[in-house]
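Here is a report on helix packing and strand pairing. Keep the sequence and the 3D view side by side while reading.

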Amino acid sequence: MEPFLWDQRPVSLTVSIGMVRVVPSLTSIEEVLSIGRVAVLKSKTRRKNRVSLPDDTSTAAAWLTPTLRTFLEVIRSAEGVDVRAQPIVRLDDGRPTGWELLVRGPAGPLESPADLFRMAEEHQLSTTLDMSCLRRASQAGHDLRKPGQIHLNLLPVTLLEVPTSQVLETLGPPPPRARWCVELSERQFVGEPQELFDAVEALRAAGVGLAIDDVGSGRGTLDSVIALEPEVMKLDIRLVKGIAEDSRRRRMVERLLRMAYALDTEVVAEGIETRADLTVLRELGVQQGQGFVWGRPQLVPRRT
């Protein structure tokens, strides 16, 4: 661009532009913008006043770091994503009443769900990743071939941004003798739970249950339990782990149990790792739980 005068001094402007080929494999506007940022960076590194594609000959892959390439493969097709099943059991006899399906990323830096979703937040792709994981988990629910209530995690923001009809289509019908239960994840909670009310009611009308995860971890989850009246509330692991040696935790669980009774809500204690904690939870009247005391979550093999 031609220089212009500003306060009697010449000023020159330069422009770095990134362009993206929009092809069917790109699943969302957020993904287009994420790849576009790579193209802008390429223009800047090639000096100023440049227009660049992420890759002048094919796709963005050659200009992305290996970790980001792996992440985008997860976004598009859940490639490399595994699902592990952890039983939810009756505390009196250890009999499974349901299963929580836990997503794990590809081996490497994205294997941890926390790291996987952290990268999604950095690239404004949390909802897209969440729907991809939901699709993979629902497939695993059929591969599991177990009766009972099958819990699948979902970000609250996904229920706000994605039409409920699309969520239900992604879930599909549950396996025989099973029922889907959407578990609102602790990773991201909305400020006003009432905003979720219509979406939650639509899920219920379709026969899908609702669970609130990590109750007791903060005000947000308690507000959501009161506003949304879930079928299941899951006690946060920080309340459960070590409860046998901590009277304050026992008092907190007692108060939560009274609230659950008033709301006619089932309670599941997460993170039970010792027999001592299990004994105290039984004495307090908690009826269901999950944790390493019954073994670690097991990989759900893909079936043909």
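## Helix contacts and strand pairing

In α6, T164, V167 and L168 meet A199, A202 and L203 of α7, where contact means heavy atoms within 4.5 Å. By class, this contact of α6 with α7 has five nonpolar, one polar and no charged residues. Nonpolar covers Ala, Val, Leu, Ile, Met, Phe, Trp, Tyr, Cys and Pro; charged covers Asp, Glu, Lys and Arg; the others, Gly among them, are polar.

The model is predicted: local features need pLDDT of at least 70, side-chain atom pairs count only at pLDDT 80 or more, and totals for chains, interfaces and linings use all residues. Residues are numbered from 1 along each chain as its sequence is written, and side-chain values use heavy atoms, with hydrogens and water left out.

Helices (H or I, at least four residues) and strands (E, at least two) are DSSP runs, numbered from the N terminus. Axes are lines fitted to C-alpha atoms, for helices over the stretch in contact, and angles run from 0 to 180 degrees between N-to-C directions.

| Helix pair | Angle | Axes |
|---|---|---|
| α6 (residues 164-171) and α7 (residues 197-205) | about 40 degrees | 10 Å apart |
| α3 (residues 113-122) and α4 (residues 126-144) | roughly 140 degrees | within 8 Å |
| α4 and α6 | about 35 degrees | 8 Å apart |

The angle makes α6 oblique to α7. Angles under 35 degrees count as roughly parallel, over 145 as roughly antiparallel, 65 to 115 as roughly perpendicular and the rest as oblique. The crossing of α6 past α7 is right-handed, meaning that the near helix is turned clockwise from the far one by less than a right angle.

Helices α3 and α4 are also oblique to each other. L116, F117, A120 and E121 of α3 touch S126, L129, D130 and C133 of α4. Five nonpolar, one polar and two charged residues make up this contact of α3 with α4.

Helix α4 also packs on α6. Here M131, L134, R135 and S138 of α4 meet Q166, V167, T170 and L171 of α6. The contact of α4 with α6 divides into four nonpolar, three polar and one charged.

Now the strands. Parallel strands β10 (residues 232-235) and β11 (residues 266-269) are joined by four bridges; pairing requires at least two DSSP bridges. M233 stands opposite V267 in β11. Strand β11 also runs parallel to β12 (residues 288-289), with two bridges. The partner of A269 in β12 is G289.
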